[in-house]
Every structure is written in structure tokens, then in C-alpha cells.
Amino acid sequence: MKEQRRRETSQQDMANIMNILLLFTATYLCFYCLSTVQAANKTLSADEECAKHTNGSCGDCVAVKGCYYCEPTKKCSYDVVNGAFHGACKDSQWKVGQCVLSGKILIIVLPSIAGAILIALCCLIYCCCCRKKKGHSKKESKEEARFRRQREEIDLKHSQRRAERQVKYDEIRKKYGLYKNTDEEPEDGKYHQFSNEA
């Protein structure tokens, strides 16, 4: 019964975690969609803003939100998805948001880091659940051992009391002459009539 309750609570915990992750993802997607819609409305002005930084430095270009810098051509453009991903920049040497790593490396590194974090989070959740299970099994085994000891103590007390009662019964039988010595004749478990010869 306890194990079933424990399983239900761990399943509820996992369901709660999944619900939180789904809520976080849905919120992120909503904000992303809103920003995409706003960006579509501002595309012309953003293209003009990015074009101002063409033949300038990488830092000036990437400081403008939504702009990417193409290293070989020194061109600053807007909309990295439609521009840099589709070959507008030679050798994928475009930079977005920073000037240290190229976009090609960012595409590889960021998902890898996110995957490692996700795997670590899953391992952490799994380890926490396993520890709880092990803790419960140790607790249950301790309870079972305690119950077993109590049962043995009770059985020992019963056997001692039974032996004491048997001794008292034997004394009473001797007192009234009902006790027979087992060496003389075997006891058949039946009552016998005594002769009053003395």
C-alpha cells in the first residue's frame, strides 16, 4: 500500500514537472510569436537601421537588435534566419549578438549546451526519485525488523509463561496425587482411577 502511494506521488511529481516545462515552453513560444509579429511590422525600418552599419565594425552592427554581421563582406543585414542561413554570407562567417563566435559555431554549441543541461536535469530528477525509493525501502526494512523482534519477544514470553504454567500444573498434580512418573508407565492422556491403598 505504501509502495503504491509512493509510486503515485512520484508519478504526480513527474507530472507536475512536465506541466511546468510545458507552461514554460508555451510562454516562450507566445513571446517568440509576439516578437516575430512585431519584427515583421518593423522590417523595413530595421533593414534601413542595419544598412547604416555596413562597412562598419562588427560591434556596432550586432548592437542593433535583429542585425547580423557578415565577416567576409563586412555587410550588416537584418533577419539572420532568411539571410545568413540561406547562404547570403560566404563560409557561414556571420555573427549575431556578439563578435567572438561565428553563427555556425553558435548553432552547434548552444543546442549542445541546452541538451547537456536537459540531460543533467533529467539525471538529477531520476536520482532524487531513486533516493526517495531507497529511503523508503530502508525505512520499511527497519520497520519489518522491529516488528520481527517484537514478535520474537512475544513468542519468547509466551513460551516462558507456558513452561511456568506447566511447572505449576505438575506441582498441583503431585500435591493431589494425580502426577505420574513417566519412567514407570507411558502416559496415554486418559484419566485413571487411583487406589486408596496406603
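Strand S1 (residues 67-70) pairs with S3 in the antiparallel sense over 3 bridges. The structure is a predicted model. This pairing belongs to an open sheet of 3 strands in the order S2-S1-S3. Helix H5 spans residues 103-175, and a search of the whole structure finds 4 salt bridges.

**The sheet**

- The three strands follow the order S2-S1-S3 with antiparallel pairing, and the sheet is open.
- Strand S2 (75-78) and strand S3 (94-96) each have a single partner strand and stand at the edges, so one side of each is left without a neighbour in the sheet.
- On average, neighbouring strands of this sheet are turned by 30 degrees against each other, with direction ignored.
- S1 pairs with S2 in the antiparallel sense over 4 bridges.
- These two strands, S1 and S2, form a hairpin with 4 residues between them. Lys 74, in the turn, has a positive phi of about 55 degrees.

**Residues of strand S1**

- Tyr 69 has bridge partners in both neighbouring strands: Lys 95 in S3 and Cys 76 in S2.
- In a regular strand, side chains alternate between the two faces of the sheet.
- In S1, Cys 67 and Tyr 69 point one way, while Tyr 68 and Cys 70 point the other way. All four of these residues are buried.

**A salt bridge at the sheet**

- Side chains of opposite charge can pair when their charged atoms come close.
- Lys 95 and Glu 71 meet through their side chains in a salt bridge, with an N to O distance of 3.9 Å.
- Because Lys 95 lies in strand S3 and Glu 71 in the loop between S1 and S2, the pair ties together parts that are 24 residues apart in sequence.
- The two partners fall into separate accessibility classes: Lys 95 counts as buried at 10% relative accessibility, whereas Glu 71 is partly exposed with a relative accessible area of 33%.

- Asp 155 and Arg 151 form a salt bridge between their side chains (3.4 Å, N to O). Both residues lie in helix H5, 4 residues apart, which is about one turn of the helix.
- Asp 155 counts as partly exposed at 40% relative accessibility, and Arg 151 is likewise partly exposed, with a relative accessible area of 41%.
- The side chains of Arg 173 and Asp 170 also meet in a salt bridge (3.4 Å, N to O).
- Arg 173 and Asp 170 are 3 residues apart in helix H5, so about one helical turn separates them. Arg 173 counts as partly exposed, at 35% relative accessibility.

**Nonpolar surface and the annotated span**

- A nonpolar surface patch of about 810 Å² is made by Val 100, Leu 101, Ile 105, Ile 107, Ile 108, Val 109, Leu 110, Ile 113 and Ile 117.
- One of its members, Ile 108, lies in helix H5. With a relative accessible area of 54%, Ile 108 is exposed, since the exposed class begins over 50%.
- An unreviewed UniProt entry carries the annotation "transmembrane region" for residues 105-129.
- In the model, residues 105-129 are 100% helix and 0% strand. The end C-alpha atoms of this span lie 36 Å apart.

Terms used:
Residues numbered from 1 in each chain as written. Predicted model: local features only at pLDDT ≥ 70, side-chain atom pairs only at ≥ 80, totals over all residues. Heavy atoms only, no water. Pairing = 2+ DSSP bridges. Axes fitted to C-alpha atoms, helices over the stretch in contact; angles between N-to-C directions. Patch = residues over 30% accessible without salt bridge, like charges linked within 9 Å, V, L, I, M, F, W, Y side chains within 5 Å. Areas by Shrake-Rupley, 256 points an atom, 1.4 Å probe, with all protein chains shown as cover. Buried < 20%, exposed > 50% of the residue type's maximum accessible area, 1.4 Å probe, protein only. UniProt positions renumbered as here; feature names shortened; annotations may be inferred.
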